[in-house]
Amino acid sequence: MTGFEHVAANLREIRARITAACEARVGAARETPAAVQLVAVSKTHPAEAVIAALEAGQRVFGENRVQEAAAKFPALRASHPDLKLHLIGPLQTNKVRLAVETCDAIQTLDRDKLAEALAAELAKQGKRLDLFVQVNTGEEPQKSGIAPGALDRFVAQCRDEFGLTLAGLMAIPPEDDDVALHAALLTKLAARNDLAAVSIGMSGDFEPAIQFGATHVRVGTAIFGARVAQEV
Ligand SMILES: *Cc1c(COP(=O)(O)O)cnc(C)c1O
């Protein structure tokens, strides 16, 4: 795939760095299962970039907009049925049907109305998705996510009231904070709620995130290069 040779080279390098970071896990993160899932964040990048990653063996991808995911991925899935797509951006309830049709995982479950809508849509489509509750570990007022202090109650509500099976937790820490603190907190909150998956860490900080407990890292720029268009 000409013009996208960097994707395979970047993936090789990142996989090696992930392996090294797994071996450098500390504290409670040592109990994390061996493998870390690399979610290749392809938002704003063309299908050709995703194809280059598929050809390099990558199977798990992340998109932050349902419509972009729905435009790009169904055709790719036809040729690669084992492809997995994670929604990592905010989800409006009016896009829940399309999100459930298009994605395998939703990492941004952040309110009860969305939990209720997802439960209804999953039942309707007879599907099971990996659901991650987004936690606002930095307690930033402008950021979505459940506050750490309200998490246990929200997890219980998702399970008991809506009958949802949850896979794990996800966080986007404040830009200038040390990711290690947030990864350690998210790992602790996940263990306390009997959740295996911990999604934290991006291009600039996935190694310390893994050292402190991440099981899923979401890496875009370091694989595909700089994004030209829209941001989150
Ligand atoms: C875009 C995005 C990423 C990837 O960020 P990079 O710095 O390009 O690796 C990770 N997580 C979320 C939620 C994103 O929106």
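**Reading a predicted protein model with a ligand**

Visitor: What share of contacts in the protein chain between residues at least 6 apart in sequence join residues at least 24 apart?

Guide: A contact means heavy atoms within 4.5 Å. Of the contacts between residues at least 6 apart, 62% join residues at least 24 apart. Bear in mind that this is a predicted model: local features need pLDDT of at least 70, side-chain atom pairs count only at pLDDT 80 or more, and totals for chains, interfaces and linings use all residues. Residues are numbered from 1 along each chain as its sequence is written, and side-chain values use heavy atoms, with hydrogens and water left out.

Visitor: How many helices and strands does the protein chain have?

Guide: Helices (H or I, at least four residues) and strands (E, at least two) are DSSP runs, numbered from the N terminus. This chain has 9 helices and 8 strands. Its radius of gyration, taken over C-alpha atoms, is 17 Å. The globule rule, 2.2 Å times the number of residues to the power 0.38, also gives 17 Å for 232 residues, so the chain is as compact as a globular protein of that length. Its C-alpha atoms fill a box of roughly 50 × 40 × 30 Å along the principal axes.

Visitor: Which residues of helix 2 are buried?

Guide: Buried means under 20% relative accessible area, exposed over 50%, and partly exposed in between (1.4 Å probe, protein chains only). Across the chain, 50% of the 232 residues count as buried. In helix 2 (residues 47-55) they are Ala 49, Val 50, Ala 52, Ala 53 and Leu 54. They pack against helix 1 (5-23), strand 2 (60-63), helix 3 (66-79) and helix 9 (221-224). Just after helix 2, Gly 57 takes a positive phi of about 95 degrees.

Visitor: Is His 86 buried or exposed?

Guide: His 86 sits in strand 3 (residues 84-87). At 6% relative accessibility, it counts as buried. Leaving out residues up to four places away in sequence, His 86 touches several others, among them Val 39, Phe 61, Phe 132 and His 216. Now take His 6, in helix 1. His 6 is partly exposed, at 33% relative accessible area. With the sequence neighbours up to four places away left out, His 6 touches Ile 223 and Phe 224.

Visitor: Where is Asp 194 found?

Guide: Asp 194 is in the loop between helix 7 (179-192) and strand 7 (197-199). Its phi is near 60 degrees, a positive value in a residue other than glycine. Asp 194 is exposed, with 68% relative accessible area. Thr 44 is another non-glycine residue with a positive phi, near 70 degrees. Thr 44 lies in the loop between strand 1 (37-41) and helix 2.

Visitor: How many residues surround the ligand?

Guide: A residue is near a molecule if one of its heavy atoms lies within 4 Å of it. Here 12 residues surround the ligand, and the closest are Lys 43, Ser 203, Gly 220, Thr 221 and Arg 227. The shell divides into 6 nonpolar, 3 polar and 3 charged residues. Ala, Val, Leu, Ile, Met, Phe, Trp, Tyr, Cys and Pro count as nonpolar, Asp, Glu, Lys and Arg as charged, and the others, Gly among them, as polar.

Visitor: Which side chain has an N or O atom 2.9 Å from a nitrogen atom of the ligand?

Guide: That side chain belongs to Arg 218. For ligand oxygen atoms, a polar side-chain atom of Thr 221 lies 2.5 Å from one, and a polar side-chain atom of Arg 227 lies 2.8 Å from one. The protein covers 92% of the 390 Å² of accessible area that the ligand has on its own, by the Shrake-Rupley method with a 1.4 Å probe.

Conventions: A polar contact is a pair of N or O atoms within 3.5 Å; within protein, one must be able to donate a hydrogen and the other to accept it, and residues adjacent in sequence count only if both atoms are side-chain atoms.
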